[in-house]
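Here is a short report on one structure. Look at the sequence and the model first.

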Amino acid sequence: MRKWLLIWVWHISLTGLFGQIPRIDHTRNYDRTYKDSLKAVAKKLLSDADEQAVSPQQITKKMQVLNLLGSLYLEDDYRDLDTSMVYNDQLYELAKKQQNKSMLVAALLRREIKYRRAHDYVKSLELSLEALKLCEQAGKDCTEGWRIQQNLGQSFLRSADYSNAEKYLLVALNELEKTPFEDQHNKQKYILGIYSVLNTLYQ
């Protein structure tokens with residue numbers, strides 16, 4: 001009973017009066033109760049979206065919720081990678097149909113992780129380059145350029161292509177430093193992460 005009451009409270013507090021899609025509080029990444037509640041809220045929002053008449057607003061909401069669910073399941077130390085991909089594949093198909101470049105980039109970034117973890121670096125590079133092209137087309141609407149460059153650097157590093165690994169990692173670092181972040185702590189964490197990969201490269 002207490003669990004469902006907590007979920008109901010989260011549904012009210014996270015969605016707000018206008019049904020806004022909640023954002024992940026990354027300072028609570030290891031809070032299992034928070035993550036489970038957020039998943040429950042997102043699934044309810046997805047169910048609500050599926051019951052609504054198709055409209056531009058309904059499609060946008062559905063893509064946002066699928067993006068949230070893909071992220072939530074991906075962040076569980078990759079234990080639920082398959083579940084993440086179920087939502088992610090739905091997002092990819094819907095975003096492709098709508099020609100929504102920013103959502104396509106988000107879906108490709110998660111799909112790339114699947115192949116990189118399986119050591120399929122050819123497919124990983126292919127997906128990252130596709131995402132990079134879409135990001136460049138989207139212009140200022142795409143804020144994931146640095147992340148795509150970082151992924152390219154990591155895949156080249158694991159493919160033993162060290163010159164390209166260094167090239168893309170340095171571009172990633174430069175773009176990340178110029179990218180505005182609400183959470184400066186997270187930004188510093190990402191910067192340190194790139195320096196850590198560069199340190200591995202130079203050893």
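The report covers a helix, a core and a pocket.

## Basis

This is a predicted model: local features need pLDDT of at least 70, side-chain atom pairs count only at pLDDT 80 or more, and totals for chains, interfaces and linings use all residues. Residues are numbered from 1 along each chain as its sequence is written, and side-chain values use heavy atoms, without hydrogens and water.

## Helix α6

Helices are DSSP runs (H or I, at least four residues), numbered from the N terminus. α6 has 18 residues and spans 25 Å from its first C-alpha to its last. That is close to the expected 26 Å (1.5 Å times one less than the number of residues).

Its buried residues (under 20% relative accessible area, 1.4 Å probe, protein chains only) include Tyr121, Ala131, Leu134 and Cys135. The buried residues of α6 pack against α5 and α7. Gly139 follows the helix, with a positive phi near 65°.

## Nonpolar core

A nonpolar core joins buried Ala, Val, Leu, Ile, Met, Phe, Trp, Tyr and Cys residues through side-chain atoms within 4.5 Å. The largest has 51 residues. Val105 and Ile148 are among those with the most contacts inside it. α3 gives the largest share, eight residues.

Beyond its neighbours within four places in sequence, Val105 is in contact (heavy atoms within 4.5 Å) with residues including Ala131, Leu134, Cys135 and Ile148.

## Second largest pocket

A pocket is an open set of points on a 1 Å grid over the protein atoms alone, where a 1.4 Å probe fits, with protein on both sides within 12 Å along at least five of seven lines; lining residues have an atom within 4 Å of a point. The second largest pocket is lined by 13 residues. Cys135, Gly139, Cys142, Gly145 and Glu175 lie nearest its centre. α6 and α7 each give two or more residues to this lining.

Definitions and conventions. Buried < 20%, exposed > 50% of the residue type's maximum accessible area, 1.4 Å probe, protein only.
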